[in-house]
Amino acid sequence: MRFSGKPRRGKRGVGSIIGATFIALILLSGFTFYTLVLSIIEHYNRTTDTMGELDWNRNREKLNIKDVKITGANKLNVTVENVGSVSSRLLWLGIFNKSMTPEAQGYYSLAEQVEPAETRSIISDFTVVKGNKYVVQLVTDLGNVFENKFYPASEVRCALTLVSVSPTAYQGNNITMFLTVTHNDTEVDTIQNITVGLQATPPGLVSVREQPSSLTIESLGRGQSAFFRWVYNTTGTGVVSFNATYDQAPIGTYFLSTVDILAPPAAGGQSTVTIDGKNCTAPYNPSQWTLLGSTAYISGSVSDLTDNDSNYAIFRSYYTGTNADINDFVDNNSSNVDGFANRGTHSNFTAMQYGPDGIMDTLKEVDTSLGGVEQWVLPTGFDDPGGVWSTETNAYDNDTGTRASCSVPPNSWSNYLVLNHSVIICSKIRYYIGRSQTDLSQVQIDIYNGSWVNVYSGAGTWETYTNVSFTGTSVTQMRFRFYNSHGVQSRTAYVYEGHFLQSLPSPAYVLDLEVQWSGVDLSQTNEWLCIYGGTMASESLLVDAWNGSAWNNVFASLLSGWNNVSVSTYLVASNFTIRFRDANPSGPTQSNWNIDVSLLHLWAAAIDQYTAEVEFVGSSNVQIWTQLVWQISSAWDVGAVNVTIQFYNYALGSYATSGDGYVSYVSTSSANTNELKNQTITSNPTDFKNSTGYWRVRIKGVKATSTQFLLKANWIDFETSYSSTGASVPYKAWQRYTIMATTATGDRIPYAYVSIYANGTSVVFRNATDGTPISNPGWVRLDANGELQLELQSTNGTAEAFVLSAVVGSVLGQKTITQEAP
Amino acid sequence: MHNALFHNKKGVSEVIASLILILIVSVAGVIVYSYSLGAFNSSSTFLQSQTSNEEERTQERFSIIVVWWSTSNQLNLTVLNYGRIEVAIDAVYVNGTAVSVFLSGKGITVGAGQLVWVKFTSPFSILSGNVHEILAVSERGGKNAVFWKA
């Protein structure tokens with residue numbers, strides 16, 4: 001029992017242990033798996049949290065591009081402010097050039113950290129171009145993109161506001177102009193440079209006292225405004241319109257404001273002295289010159305032309321006489337004016353186009369004959385009028401073994417066998433005939449030279465060549481017939497061969513060669529054909545000239561050396577043709593002639609002449625002229641020069657040829673004498689300047705002389721007159737003012753003495769009525785109307801503002817005047 | 001002893017039965033354990049893989065920050081990777097039409113904070129002034145779309 005009971009209890013325990021072990025292993029594996037899953041989920045959650053935080057931060061990130069500018073080095077200066085609640089790390093700076101098509105895009109890496117509330121400026125490494133449209137982009141580490149459209153002023157319509165303080169002012173008081181430029185465009189974020197301007201119309205009523213230190217702002221962000229301030233002094237009375245705008249502003253972007261300037265009230269019943277500008281006469285001189293033709297500069301400068309003194313700009317004339325002496329060499333040998341082809345040859349036609357230099361063109365005759373010989377020629381065809389002959393072509397196949405044949409009836413003549421040829425000179429034929437019996441007792445042979453001519457009748461010679469001679473003539477045919485004397489039987493006649501002896505003429509050497517000139521100058525008085533001959537043949541060489549319809553002999557026999565003859569009679573067209581021909585056109589021997597050169601010598605009697613011509617150019621103003629007065633003083637180092645002075649009329653587009661702007665004269669017979677010419681133009685004087693105020697005058701002197709002469713330009717003055725308030729006067733201009741004294745009730749004060757003074761550096765006065773000088777300061781009496789017509793001139797080397805004061809009694813009148821730069 | 005062993009057949013069968021039971025239990029235990037290990041392993045591998053893919057997708061962020069147009073039919077997308085993992089653009093759609101002709105940039109992997117330029121030919125003509133929806137798709141399936149006015 002114990003033996004069997006113990007093992008049974010022990011085995012049960014082992015199985016349980018094993019099972020429990022496996023269960024434990026399985027549970028352990030499951031726990032491990034669970035732990036792993038938890039770890040994975042936890043890691044995933046951490047990642048999700050991280051990315052969620054990134055998204056959260058991204059939403060909280062906010063940057064403001066406060067300003068964009070272009071630096072002096074043309075680099076981009078971007079000012080950015082972090083207005084968000086997280087730090088921003090800038091990764092990329094993008095720049096897009098919208099002015100290009102397609103637009104250019106570029107990104108440049110950054111490593112900038114901008115903390116919350118921090119403002120940072122970023123200077124680009126690259127350069128940009130002012131005036132281009134750019135989009136600036138900042139890219140952050142969190143994935144946000146911030147853009148700024150940075151456009152030039154021409155692309156933006158800003159709001160302008162111009163306020164005048166006060167809108168009404170008394171003359172002499174100051175007015176202040178406030179300009180506000182507001183960037184209220186909804187598309188553009190930042191405007192590049194804006195340069196504002198303020199223009200007063202008319203300009204003479206006010207003068208600038210103060211103006212902004214800078215009229216340019218480098219950039220203007222959206223919603224921002226820029227402010228500018230001017231102070232003007234009112235110098236005249238009337239309504240002044242101020243127009244404010246900015247450079248390259250879109251059309252219609254401006255603001256107008258008007259100021260009414262009133263005459264100051266008479267304070268406490270005082271008298272008044274007023275100074276009103278009337279008109280201005282501004283003189284100008286040339287600033288440069290241009291030499292025309294071959295005129296040469298000798299000495300002097302444009303500064304010598306500003307005064308009528310003894311200083312000159314001197315120019316030397318050039319030869320313009322007519323001394324034409326033309327050797328026009330023959331041009332070609334390809335003409336055919338008479339319709340007959342050239343006969344003969346040139347060995348070297350080019351040689352005839354130069355020289356004389358010993359290089360010859362040999363003209364050689366050509367043989368127009370066939371060589372001067374006789375030859376037997378075969379007929380080229382036949383006729384068989386009776387249709388009785390057979391194998392007719394055998395009669396001219398140059399073979400005596402073959403024949404044409406014909407049956408001849410008894411006691412009858414046969415029909416003709418006719419052999420043909422084109423016309424030839426012929427004085428002999430030969431035949432080779434045969435017969436079946438001797439009953440063919442007679443033979444008749446004829447030739448045709450326009451009619452049939454019998455050249456042989458008789459018993460004939462049989463079975464051999466036999467010649468028949470006759471007087472030479474032009475022959476086209478021969479014919480044969482035979483007579484059968486048998487009384488009852490027919491007989492057969494044979495023609496083996498029939499030949500013509502062609503007589504060729506003797507050699508006939510001919511020369512007929514055309515040569516031609518083209519583009520001949522027909523204006524010269526003398527027109528000669530000149531041919532230089534070399535070795536000549538014994539046979540004469542003739543030269544004919546073609547007059548357009550026929551040949552005319554000009555040389556009956558060319559000689560060695562020069563052969564010259566006038567051809568004016570025949571030279572009627574620019575193409576001129578001659579021909580070389582031999583004296584004996586059918587000579588038996590060939591002749592050669594050497595020609596060195598063929599030319600037309602064209603000339604006229606010489607007329608010596610010299611010309612000097614110079615164009616002077618100067619600037620002036622763009623006012624509307626009421627009058628133009630020009631004065632030119634010049635001299636010549638010889639007398640009696642034909643002089644023409646012409647101003648350029650821009651309305652006509654050419655130099656004046658008569659009337660205004662034109663003077664023509666013969667200079668004095670005394671050399672080196674200044675002569676002053678002038679002209680006052682009141683009809684359309686502005687025709688004599690271009691849109692920018694430039695003017696031109698041309699001085700030309702011509703004299704028929706063999707001596708070169710000089711043009712001595714002394715003074716060129718171009719005075720323009722125009723209406724002007726006198727607030728601004730050009731350098732050296734005479735500005736006219738009316739100074740008037742009135743009582744408190746507005747009555748004129750006649751004959752009152754006025755003390756006048758201008759505090760400019762170089763100001764002089766003169767009486768506008770009679771031109772008499774007035775000292776500065778001066779003491780002058782007013783006229784019966786209580787007025788003084790004063791002219792003022794300022795010649796300071798630079799622009800200058802000064803005050804013209806006029807005092808009558810204790811009453812002061814003043815006017816601020818600005819002299820323009822020279 | 002000999003009799004007890006060879007004549008007491010009831011006792012022998014108990015031993016054998018016990019051994020057999022032990023054997024059965026052991027084999028069954030091995031089988032069940034092996035199966036459970038395999039199931040755990042495959043489950044954990046699958047879970048790990050799925051979670052890893054999802055995690056990568058979660059880390060991926062990219063954005064089309066500007067579009068360039070050649071004025072003919074060529075377009076260029078500037079794509080910023082602002083995620084925490086590298087990204088590669090795999091496909092682009094213009095107004096829902098897939099781009100088939102890529103000139104550059106497709107499949108190029110860029111790291112975090114980097115830009116990639118994807119240049120391609122539009123599947124249809126671009127007309128100035130028209131607005132187009134451009135959708136970029138990464139190799140992980142991430143998307144970013146912009147409305148761009150030509």
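**Close-up 1. The largest nonpolar core of the predicted model has 65 residues.** A nonpolar core is a set of buried Ala, Val, Leu, Ile, Met, Phe, Trp, Tyr and Cys residues joined through C-beta atoms within 7 Å, where buried stands for 20 or more other C-beta atoms within 10 Å of a residue's own, exposed for 12 or fewer and partly exposed for values in between, with C-beta atoms placed from the backbone. Among the residues with the most contacts inside this core are A:Met177, A:Ile194 and B:Leu77, while its largest share, 5 residues, comes from strand S3 (residues 88–97) of chain A; strands (E, at least two residues) are DSSP runs numbered from the N terminus. This is a predicted model, in which local features need pLDDT of at least 70 and side-chain atom pairs count only at pLDDT 80 or more, whereas totals for chains, interfaces and linings use all residues. Residues are numbered from 1 along each chain as its sequence is written, and chains are lettered from A and ligands numbered from 1 in the order in which they are written.

**Close-up 2. A cis peptide bond joins A:Thr201 and A:Pro202.** Its omega is about -5°, and A:Pro202 lies in the loop between strand S12 (194–201) and strand S13 (206–210) of chain A.

**Close-up 3. A:Tyr751, although not a glycine, has a positive phi of about 60°.** This residue is placed in the loop between strand S54 (734–742) and strand S55 (753–758) of chain A, and A:Tyr751 counts as exposed because it has 11 C-beta neighbours inside 10 Å.

Definitions and conventions: Helix = DSSP H or I, 4+ residues; strand = E, 2+ residues; numbered from the N terminus.
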